[in-house]
Amino acid sequence: MIVKRLGLVEYAPALEAMRVFTAERGADTPDEIWLLQHPPVYTLGQAGKPEHLLQNPAHIPLVKIDRGGQITYHGPGQLVAYLLLDLHRRRLKVRELVQLMEQAIIDTLADHGLVAERKGGAPGVYIAGDKIAALGLRVRNGCSYHGLAINVDADLTPFGWINPCGYEGLKTIRMKDFGIEVSVDAVGEVLLGHLQRLLPPLTGDADRAHQPAQAVEATLPAS
């Protein structure tokens with residue numbers, strides 16, 4: 001497992017880098033987790049409906065992408081984690097990976113004193129019915145990319161201009177709303193620990209299952 005801490009990255013080059021990595025990876029390519037933030041951007045899933053963008057007074061870019069789900073917002077103050085995993089080698093099904101990601105988020109929030117939960121039929125993580133984290137995946141040839149986003153201290157105004165994830169009136173919240181003052185990077189490290197704990201080891205790699213991930217500081221090209 002290679003961990004890349006990328007900082008603030010424009011969405012388009014990050015998406016292209018994920019696609020290229022997934023297309024070019026081989027049977028022995030190490031899995032990677034990328035931790036980053038994006039400048040303001042709306043992303044619309046492959047079956048997404050443009051009418052879920054209700055207004056856009058700030059002229060935030062809208063990018064149509066190849067993950068599942070409807071429309072969501074990314075911006076500074078939101079932790080994004082991309083999971084580039086070979087599901088076959090970890091004997092993971094897509095639904096199992098989604099549940100694992102949700103559990104890692106729930107455990108991360110619990111470490112900060114917040115009680116979060118799943119909601120049937122609505123992927124993501126919620127606190128008292130309000131959405132604090134979103135998920136979206138694409139699996140190609142048994143390998144995943146895209147991932148999850150947790151609202152830490154992001155400006156939530158742009159969520160008010162959309163039907164988040166296609167749900168009219170869905171309230172979006174952040175950790176800061178509960179008086180939690182913590183950096184995005186710090187939340188990322190807690191999340192990373194839970195993901196590493198929950199992910200099953202590579203097939204035939206049980207002896208190395210408890211070795212720490214290789215940390216790599218890296219950057220992506222600007223758009």
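**Pocket, cavity and helix pair**

Modeller: About 440 Å³ of space lies in the second largest pocket, the volume being the space filled by probe spheres set on grid points that are joined across faces, edges and corners. This is a predicted model, in which local features need pLDDT of at least 70 and side-chain atom pairs pLDDT 80 or more, while totals for chains, interfaces and linings use all residues. Residues are numbered from 1 along each chain as its sequence is written, and side-chain values use heavy atoms, without hydrogens and water.

Colleague: Which residues lie nearest the centre of the second largest pocket, and how many line it?

Modeller: Its lining has 30 residues, and Gly 68, Gly 69, Leu 135, Gly 136 and Leu 137 lie nearest the centre. Strand 8 gives the most, seven residues, and the other elements that give two or more are strand 5, strand 6 (78-84), helix 2 and strand 9.

Colleague: What makes a space a cavity and not a pocket?

Modeller: On a 1 Å grid over the protein atoms alone, a cavity is a set of points where a 1.4 Å probe fits but cannot get out, whereas a pocket is an open set with protein on both sides within 12 Å along at least five of seven lines; lining residues have an atom within 4 Å of a point. The structure holds one cavity of 30 Å³ or more, and about 80 Å³ of space lies in the largest cavity. Of its 13 lining residues, the closest to the centre are Thr 72, Ala 133, Ala 134, Asn 151 and Phe 159. Strand 8 (130-140) provides the largest share of that lining, four residues, and strand 5 (71-74) and strand 9 (143-151) also give two or more.

Colleague: Why is helix 2 called oblique to helix 3?

Modeller: The axes of helix 2 (residues 94-111) and helix 3 (residues 184-198) come within 9 Å and cross at roughly 135°. That angle makes helix 2 oblique to helix 3, because angles under 35 degrees count as roughly parallel, over 145 as roughly antiparallel, 65 to 115 as roughly perpendicular and the rest as oblique. Where the two helices meet, the residues include Leu 100 and Ile 105 in helix 2, and Val 187 and Leu 191 in helix 3, contact being heavy atoms within 4.5 Å.

Methods
Axes fitted to C-alpha atoms, helices over the stretch in contact; angles between N-to-C directions.
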